[in-house]
Amino acid sequence: MPLALEVAVQDAAGVRVAREIGAARVELTHGLALGGVTPSPATLELAVEAAGDDGPGVHVLVRPRAGGFHYDAEEIEATARDVRWMLAHGAAGVVIGAQTASGELDTDALERLRDVARSVRADAAVTLHRAIDVTPDPLAALLIVRGLGFTRVLTSGGVSAALDGLDVLRALVAAAEGGIEVMAGSGVTSANAARIAATGVDALHFSAKRTVTADGAVRMGSADEGVGGHEVTDLAEARAVRAAFGL
């Protein structure tokens, strides 16, 4: 199969960028600076409208909060309800993850979320997000979700940036044996996309983002940058990633 491109976006404008470059999918999220959390219902509706019938599939990151991936019962329940809602309202798939207190994948939670997803849409794609990269053994985690029938994993190879995890990415591709897709993400840019793709991964995940800053003397939150800004999907960088493969 040809390499698939997935763009992490936060709004309908990002979906339109992904559509213009011919991306196979978007991961719709909110708060990319936090690693992403669940987007709003209206954001999904607008994203699905922007994708249209022939645009990229809209896959929603369902993550109840920032921080680690060890969730209590209410957080798992919130995640399950969001999974159900997103798939019932146009999402093609969901991106999820959960860990135990000791760091292994929480298979009970993942089985429940998978079952909820496929009860809404039998063909729903279910992706394990980068929780795999903070498990004790990413290869073991891959085999677990392969056995659970997940569609793909999103991984940087167990490190902060995919460019530094090339050896593990190659090992994950080999361990997958075609039974689950391996998608590389984190720090993927037009400058390194081809090198990361050469590991044999099935897809590349990137945000092609730039920051729109806001000026002001009044702090609006607890972040060090104060007023700060927000991130948008940059069409020029998205085009450049695609061009890195001669497309």
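A208 is buried, with a relative accessible area of 6%. This is a predicted model, so everything I say comes from predicted coordinates. A208 sits in the loop between β8 (203-206) and β9 (209-213). Its phi is positive, about 45 degrees, although A208 is not a glycine.

Now compare E177. E177 also has a positive phi, about 50 degrees, and is not a glycine. Its loop runs between α6 (166-176) and β7 (181-185). Buried or exposed, this E177? Exposed, because its relative accessibility is 62% and the cut-off for exposed is over 50%. A208, at 6%, is buried, because buried means under 20%.

On to strand β1, residues 4-9. How many of its six residues are buried? Six of the six, so the strand is largely enclosed by the rest of the structure. Look at the two faces. A4, E6 and A8 point one way. L5, V7 and V9 point the other way. Residues on both faces are buried.

Which strands does β1 pair with? One is β8, in the parallel sense, over four bridges. Another is β2, residues 25-28, again parallel, again over four bridges.

H205 brings us to the largest pocket. H205 is among the lining residues nearest the pocket centre, along with L32, G35, R130 and S186. The lining has 23 residues in total. The pocket volume is about 570 Å³. What is the lining made of? Nine nonpolar residues, eight polar and six charged.

Next, the core. In soluble globular proteins, nonpolar side chains tend to be buried together. Here, the largest nonpolar core has 64 residues. Which members touch the most other members? I96, L110, V145, F150, L204 and F206. Two of those names, L204 and F206, fall within the β8 range, 203-206.

Zoom in on L110. Setting aside residues up to four places away in sequence, L110 touches I96, G97, A98, L105, L128, V145, L148 and F150. I96, V145 and F150 are on the list of core members with the most such contacts too.

Last stop, T79. T79 lies in helix α3, residues 73-88. T79 is buried, at 4% relative accessible area. What does T79 contact, beyond its neighbours within four places in sequence? V62, P64 and L113.

Note on methods
Residues are numbered from 1 along each chain as its sequence is written. This is a predicted model: local features need pLDDT of at least 70, side-chain atom pairs count only at pLDDT 80 or more; totals for chains, interfaces and linings use all residues. Side-chain values use heavy atoms; hydrogens and water are left out. Helices (H or I, at least four residues) and strands (E, at least two) are DSSP runs, numbered from the N terminus. Buried means under 20% relative accessible area, exposed over 50%, partly exposed in between (1.4 Å probe, protein chains only). Contact means heavy atoms within 4.5 Å. A nonpolar core is a set of buried Ala, Val, Leu, Ile, Met, Phe, Trp, Tyr and Cys residues joined through side-chain atoms within 4.5 Å. On a 1 Å grid over the protein atoms alone, a cavity is a set of points where a 1.4 Å probe fits but cannot get out, and a pocket is an open set with protein on both sides within 12 Å along at least five of seven lines; lining residues have an atom within 4 Å of a point. Grid points are joined across faces, edges and corners, and a volume is the space filled by probe spheres set on the points. Ala, Val, Leu, Ile, Met, Phe, Trp, Tyr, Cys and Pro count as nonpolar, Asp, Glu, Lys and Arg as charged, and the others, Gly among them, as polar. Two strands pair if DSSP finds at least two bridges between them.
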